[in-house]
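Subject: Structure handover

Hello,

Here is the structure we talked about. Please have a look, then read the notes below.

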Amino acid sequence: MLRPQDTTTRERKNLNGLWRFALDPDGEGTPAAWFAGPLPEASEMAVPASFNDIAADAAVRDYFGDVWYQRTVWVPRGWQGERIVLLFESATHRATVWVNDTEVVSHEGGYTPFEADITEQVTPGEQIRITVRVNNTLHWQSIPPGVIEETPAGPRQRYWHDFFNYAGIHRSVWLYATPPAYIADLTVATDLDGDNGVVSYTADAVAQEGVRARAVLRDADGAEIASADGFRGTLQVLNVHKWAPGDGYLYDLELQLINEDDVVDSYHQSVGVRTVKVDGIEFLINGEPFYFKGFGKHEDVAVLGKGHNDAYLLHDFELLKWIGANSFRTSHYPYAEDVLDYADRQGIVLIDETAAVGLNMGLGGGIFGGQGYKTFSPDTANDATREVHAQAIRELIARDKNHPSVVLWSIANEPESDTEGAENYFRPLFDVARRADPTRPVGFVNVMLAPHGKCRVSQFGDVLMLNRYYGWYVDTGDLEAAEINWETELRAWAGDGKPIIITEYGADTYPGLHSVAAGSPWSEEYQVEYLDMNHRVFDRIDAVVGEHVWNFADFTTTSGIMRVGGNKKGAFTRDRQPKTAAFALRRRWRSDL
Ligand code: GCB
């Protein structure tokens, strides 16, 4: 699936704005066919946004089940004879879509796009009604998982990940038109050959008889530098300007479908020419050792929840630049595609993660209240869950494969990984990722409960990604003990001979809480001492090739005795003001100051 764009042969219409909206707590909408007419008793809802925090109403905030979105739209009258498609960049966690009275598509998974060819359902120049049933319930066969538990006060949604279950239509919705013969997919891979670059491409087209393909590569100034004929080919880039961390130089690859001498479809793909390789304990970008400096982030802001917002996108990247970060992880789900496009242009490096988070009843019991479930079993995370997980990996890679910023796939965050069930669950998932993308390393993020010697899944990864909280969840307030214990564990991992990225380390910090007493958890001073201790350990171990502080900014979670208005491990507050630790990180990461 290609992202909609305007080209000489394509046109798109953005459907963001206010949609009609209704909760459906009694599940009436489907049997009563709410899609067949105006939504009954509808209010209005912003798209893109999470619906949870828009209303000042706990019943909306904590709602789970079906919600309905609806709007009408005029199909542009110039689209006669075109193929017309309706695309959602995401709907969390699943959706079914109707155009007028006809169901056109259903999709599982809250963070990847889906589309429907609606050419047969619409007439250019006429109005259509689009109705979407979004469902945000988490269960054992969803990624991420959850359960509905009966309580004396009624059913409650429980889940085991540490961020609020924001839901709704979080990203743009598009109506777009292509010619009937169209480019359906395009994959690029790049390599370096001395001073020159190599761009290989493969295109799929739904083509009419006699249509041929042509690829044209232009530099950032628009000058044509190479071209090739065919649905697959290789282009040489003399004296290539490489894509590199901090230098988001992009070429433009235009793929054309040509009938006789007419270009019948044209699609543009930006291309960053770079290589990624793991070699021993090194993580190489363009053959040079790369050290990850940055954060695990979240898509999480006031009012919008997980709704994409361009102003926050730019501001967050400005703060990354200010603090000297060169990378982040899309913890714990695929982010909006605008984020990846911008990272490409800014030369920010990404670890791209699926939404497989919370597959760990050890943590569920320990931190978020006793659950009494077994993670992997026929009744809990099972073969059907794994198939949903596999599909989530395929959809992530299909969407993000052409982004030079993405250098590593993370197929899960902190799953149970010290049992036979975990090993059997994960082994085939690594194969799924490698088949979908043979060009990038693959890993998963290991949890403290599965330390070196116990973890049975890290053997499958090209890179070790570790989340560790020595000095926070263990050795709380005792950074001397934490330093010894952390170094001991890390040295054991270093013995595996793979690069290690510390994908999380962090301490909750209440902004404005200060203490002159060393070792005072929650204070701004303790966050700095805690980070300093970690950095001393990392700097002593060669295999450590990266440090991602948890988290870039404070974020919303479910309520609980471990959380004070959310998770407070941000270097920045939720409204992006720096804590003392932000200045300390800036001093460590910015060599130019
Ligand atoms: C973790 C999780 C992350 C949590 C974090 C914490 O290990 O990966 O989702 O928010 O710990 O702060 O406890």
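Glu487 is found in helix H7, residues 479-494 (helices are DSSP runs of H or I, at least four residues, numbered from the N terminus). Glu487 is buried, at 16% relative accessible area (buried means under 20%, exposed over 50%, partly exposed in between, with a 1.4 Å probe and protein chains only). Leaving out residues up to four places away in sequence, Glu487 touches Val537, Arg540 and Ile541 (contact means heavy atoms within 4.5 Å).

A word on the source. This is a predicted model: local features need pLDDT of at least 70, side-chain atom pairs count only at pLDDT 80 or more, and totals for chains, interfaces and linings use all residues. Residues are numbered from 1 along each chain as its sequence is written, and side-chain values use heavy atoms, without hydrogens and water.

Now the ligand. Around the ligand sit 13 residues (one heavy atom within 4 Å is enough to be near). Asp162, His332, Glu414, Tyr473 and Lys569 come nearest. Alone, the ligand exposes 320 Å², and the protein buries 94% of that (Shrake-Rupley method, 1.4 Å probe).

Tyr469 also touches Tyr530. Other contacts of Tyr530 include Trp472, Leu479 and Tyr505.

Best wishes

Note on methods: Helices (H or I, at least four residues) and strands (E, at least two) are DSSP runs, numbered from the N terminus.
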